[in-house]
Structures are given as structure tokens and as C-alpha cells.
Amino acid sequence: MIESTYHPINDRSGASPKISIQQSWWGMNGLGNGQREWTMEEKFEKIAEAGFTGILGALPQPHEAAQWRKLLDQYNLSFGITSFPYKREDLIPILKHAKDFGVQYINSQVMDSFVIDEEAVTLLKELTEEAAAQGVPYFVETHRGRVTQDLLRTVEYVKAIPDLRLTIDLSHYVVAGEMVGSLEKVEPLFDSLLRRTSSIHARVSNGEQVQVDIGPNGEHPMVPSFMRWWIQGITYWLQQAKTSDILPFVIELGPPSYSITTNNFHSNKQEISDRWQQALVLKSIAEKAWHQAQAQSFN
């Protein structure tokens, strides 16, 4: 029997497996009080006040590292980072700096979409092995424009690499596949990816735009589909989770040009949606998904 090299997030608290609903730092870009963008300190305060328990961002620059560590500790927030490796050697220094800074996990958008088949499998294996050797939880994001560009190829990568763990963001496949009608054919493909859930990124696509406003109470017609997928991913994670394991569920609503604006030709772009309020709506949906998955798993 081959020993697994997968390292889950585990805080050694002795507590039951739990969710950590985190906010994307990228998703905080441009947010403010209507007159100016919030400062770094104000963004941390807003995130903590809203009940988020962590942030997904990037390794801070050296001149900001001390301030980041101070604010993370002050607000008791966990911290994951996103990376963009093209090869194994790209990941090595990231792993070192992440461990030095006390990063909870590394999310990877593996470059790029022109790397396919055996070359892609080899790359993903190398990255997974390198992270495992360093003992860092490492998850590959299902993202357009990356090695995971194509749903069918990504399913094959999962089959080829037993320890490949995923950050699930199905909005990329919904929009890339223009999934606006029946989802019957896609459900078993999504299911094979959801079985590898180690993190979830939350945004909703309508099959034409990658990120849409879902309404003040999440009444958009695509929400039930995404809710179902998130619940299934959480359920699979719970079935595999051990004591003290943590599932990051990241609310990731991007700024322009991810968010739709009234004017895409000038610098004064006006978003048609209140991105922060929408983040809070998605946070509420994430909490419901967690509770429903728990109920399914323990009944």
C-alpha cells in the first residue's frame, strides 16, 4: 500500500473538523466608504467584524510583512496564499517563505493552459510531491487559463494523481463551458472533482459571465446548483476529515474586470453590484451549506 502524501490543514486543537469561512484579499481591492478605499487596517477590521475567520491573499512584501503579521494576530485570522507556479522550482521558495510566515495553506493556479496531457500530469505530481515533502497543505485550483483550464482534462489529472487535492471553483467551468441549460452531462464530471475538495472558492457564474450579482438573499436561479455542488464537496471532505482538520471556504468576488461595471473604457468604472454586501450574502450561503452537509453526513 502506497502511503498518502496529502497534508490536510490541521490545527491540532483536538476539535471536530470545522469550516473556516475566509475572505479573498484580492476581493477587497477598491472597496471603501464611497469616497475612498478602506485602508489595510480598515479592511482587516471589516473582515473580522463580518465574522470571517481568515484571509486568502499573497505573501506580503518584506516591508509589509510585520504589519500583516500584527494584524492577522490582532484579529485572530488565519492566512492562506495563492501561487502561480510554472514548474517545481517556482514552488520551492514559496514553500519556504510560507512556512517562515506561518501560512495555513497554499492555493495554486498552475500555469498554464497550454501544458496538457502527460506534461501536465508530471507537473502536477511534482508540485504535489514538493509541497508534501515540506509538510505544507497544498491545493490546486480549478481555474481557467491554467493547467486546469479544461474540465475533461482536469478529471483525467485527478484520476492519474491520487494525492492531487483541489480548490473547487466551479464558476470557471460553468462560464468556460457556457453551461446555461441542462447540467446532466456535467454532474458526474463535477462529482469526480468534488471528491478531492480541500478548499472551496465561492462565486456564482450564470454561464455567460464568471461572476454575477445573486441578489440580496441569493435568489439567482444558478444559486441552487452552486449550493448543491458546495454541499456535496463539503460532504466528501467531511467523510475524509479527521480530528482538528479545517476546510477553507473562501468568498472570492473579484474587482473589475471580474465584476461587471457600467463603463469599461475609462478609469472611473462603476460596479453594478455592491461587492462587499454580495460577499456577506455568499458568506451566509456558505454557512448554510456547511450545516446542511453536516446534517447529511451525521444522519
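Where does Glu-178 lie? In this predicted model, Glu-178 lies in the loop between helix H6 (171-176) and helix H7 (187-194). As background, most residues other than glycine have a negative phi, and most peptide bonds are trans.

- Glu-178 isn't a glycine, yet its phi is positive, at about 45°.
- Ser-244 is another non-glycine with a positive phi, here about 80°.
- You'll find Ser-244 in the loop that runs between helix H8 (223-240) and strand E8, and E8 itself covers 246-251.
- Is Ser-244 buried or exposed? Ser-244 is buried, because its relative accessibility is 5% and the cut-off for buried is under 20%.

**Cis peptide bonds**

- Met-111 and Asp-112 are linked by a cis peptide bond, with omega at about -15°.
- Which residue does a cis peptide bond join to Pro-256? The partner is Ser-257, and omega there is about 10°.
- Ser-257 is placed in the loop between strand E8 (246-251) and helix H9 (275-297).

**Around strand E8**

- Strand E8 is a handy landmark when you're browsing the model: the loop between H8 and E8 holds Ser-244 with its positive phi, while the loop between E8 and H9 holds Ser-257 of the cis bond with Pro-256.

Notes. Residues numbered from 1 in each chain as written. Predicted model: local features only at pLDDT ≥ 70, side-chain atom pairs only at ≥ 80, totals over all residues. Heavy atoms only, no water. Helix = DSSP H or I, 4+ residues; strand = E, 2+ residues; numbered from the N terminus. Buried < 20%, exposed > 50% of the residue type's maximum accessible area, 1.4 Å probe, protein only.
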